[in-house]
Amino acid sequence: MNPHRDWHFAGADEHGFILYDVLRQEAARRSESEFLRDFPVPAVMVVYRGLDQAESEGMDPNQSGVQLLTVTVRSAAVMRYLSRVAFVCKRPGNPYGHLISIGRSTNNDITVAVDSVSKVHGYFVVDDDGAYRFTDHGSTNGTRLNGHKLEPSQKHLLHDGDILQLGLEVMLEFMTPASIYRRARN
């Protein structure tokens with residue numbers, strides 16, 4: 001079994017996400033080696049980076065969080081994904097085993113149903129050495145990696161803690177299995 005292509009979490013919802021609290025419970029029940037055995041693939045967690053975005057857009061970073069949320073989040077749809085985690089893996093039955101797709105359409109491996117995310121926004125690939133890369137699939141509103149705009153159709157190596165911004169508002173933190181375990185145990 002190749003964990004990067006064959007593993008999936010049976011407890012994920014129809015979009016490929018689980019609540020972060022569920023992951024914390026799973027980590028609490030296991031030692032680190034058991035967790036890494038049972039959860040061998042990285043994940044992306046939806047995060048809110050309102051201050052970073054506010055500063056980059058020239059807004060006053062001293063505004064309250066509620067005001068920032070009103071100004072920087074363009075739709076309420078992204079809110080349902082906050083504090084949720086999606087493992088970067090194939091959904092059972094989805095084609096193209098070497099690509100892990102993410103986008104607005106429900107036939108992606110990871111679905112983010114937010115208007116500024118393209119139907120097939122991009123995809124993850126796993127190199128032979130187990131490294132993960134992300135490619136923007138020519139999305140309408142683009143992708144940013146740690147604040148830098150990605151050119152479509154070019155693979156970009158991902159590192160633990162990298163922030164992918166899909167479209168205008170969806171921020172995903174890429175986490176390795178060891179990082180997931182450490183964070184979930186704190």
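# Strands, a helix face and ring pairs

Visitor: How do you know that strand E6 and strand E7 are joined, and in which sense do they run?

Guide: Strand E6 (residues 122-126) and strand E7 (residues 132-136) are joined by 5 bridges and run antiparallel. Since two strands pair if DSSP finds at least two bridges between them, the 5 bridges of E6 and E7 meet the criterion. The names rest on DSSP runs, numbered from the N terminus, where a helix is H or I over at least four residues and a strand is E over at least two. The structure is a predicted model, in which local features need pLDDT of at least 70 and side-chain atom pairs count only at pLDDT 80 or more, while totals for chains, interfaces and linings use all residues. Residues are numbered from 1 along each chain as its sequence is written, and side-chain values use heavy atoms, with hydrogens and water left out.

Visitor: Which residues of E7 are the bridge partners of Gly122 and Val126?

Guide: Gly122 has Asp136 as its bridge partner in E7, and Val126 has Tyr132. E6 and E7 form a hairpin with 5 residues between them, and Gly130 in that turn has a positive phi of about 90°.

Visitor: What makes E5 and E10 edge strands?

Guide: The open sheet has 5 strands in the order E5-E4-E6-E7-E10, with mixed pairing. Its edge strands are E5 (110-111) and E10 (156-157), each of which pairs on one side only. E7 and E10 pair in the antiparallel sense over 2 bridges, and Arg133 stands opposite Leu157 in E10.

Visitor: Why is E7 called largely enclosed?

Guide: Buried means under 20% relative accessible area, with exposed over 50% and partly exposed in between (1.4 Å probe, protein chains only). By that criterion 4 of the 5 residues of E7 are buried, so the strand is largely enclosed by the rest of the structure. Across the chain, buried residues make up 46% of the 186 residues.

Visitor: What makes the pair of Phe124 and Phe134 edge-to-face?

Guide: A pair of aromatic rings is described by the distance of the centres and the angle of the planes. Rings of Phe, Tyr and Trp (its six-membered ring) pair if their centres lie within 6.5 Å, and planes under 30 degrees apart count as stacked, over 60 as edge-to-face and the rest as tilted. The whole structure holds 8 aromatic pairs. Phe35 and Tyr181 form a tilted one, at 5.3 Å centre to centre with 45° between the planes. That pair links distant parts of the chain, with Phe35 in helix H3 and Tyr181 in helix H6, 146 residues apart, and both residues are buried. Phe124 and Phe134, at 5.0 Å centre to centre and 65° between the planes, are edge-to-face. Phe124 lies in E6 and Phe134 in E7, so this pair ties together parts that are 10 residues apart in sequence.

Visitor: How do you know that Phe124 and Phe134 are buried?

Guide: Phe124 has a relative accessible area of 0% and is buried, and Phe134 counts as buried at 1% relative accessibility.

Visitor: How do you know that the buried residues of H2 line one face of the helix?

Guide: In helix H2 (residues 20-28) the buried residues are Tyr20, Leu23, Glu26 and Ala27. Seen down the axis of H2, they fall within an arc of 115°, so they line one face of the helix; the arc is that of the directions from the helix axis to the C-beta atoms. Their cover includes strand E1 (17-19), helix H3 (32-38), strand E2 (43-47), strand E3 (84-87) and helix H6 (177-185).

Visitor: Which strands does H2 lie across, and at what angle does H2 run to E1?

Guide: H2 lies across E1, E2 and E3, running at about 70° to E1. Axes are lines fitted to C-alpha atoms, for helices over the stretch in contact, and angles run from 0 to 180 degrees between N-to-C directions, where contact means heavy atoms within 4.5 Å. H6 lies across E2, E3 and strand E12 (170-175), at about 105° to E12.

Visitor: What makes E1 and E9 edge strands?

Guide: An open sheet of 7 strands has the order E1-E3-E2-E12-E11-E8-E9, with antiparallel pairing. E1 and E9 (148-149) stand at its edges with a single partner strand each, so one side of each is left without a neighbour in the sheet. Within this sheet, E2 and E3 are joined by 3 bridges and run antiparallel, and the bridge partner of Val44 in E3 is Ala86.
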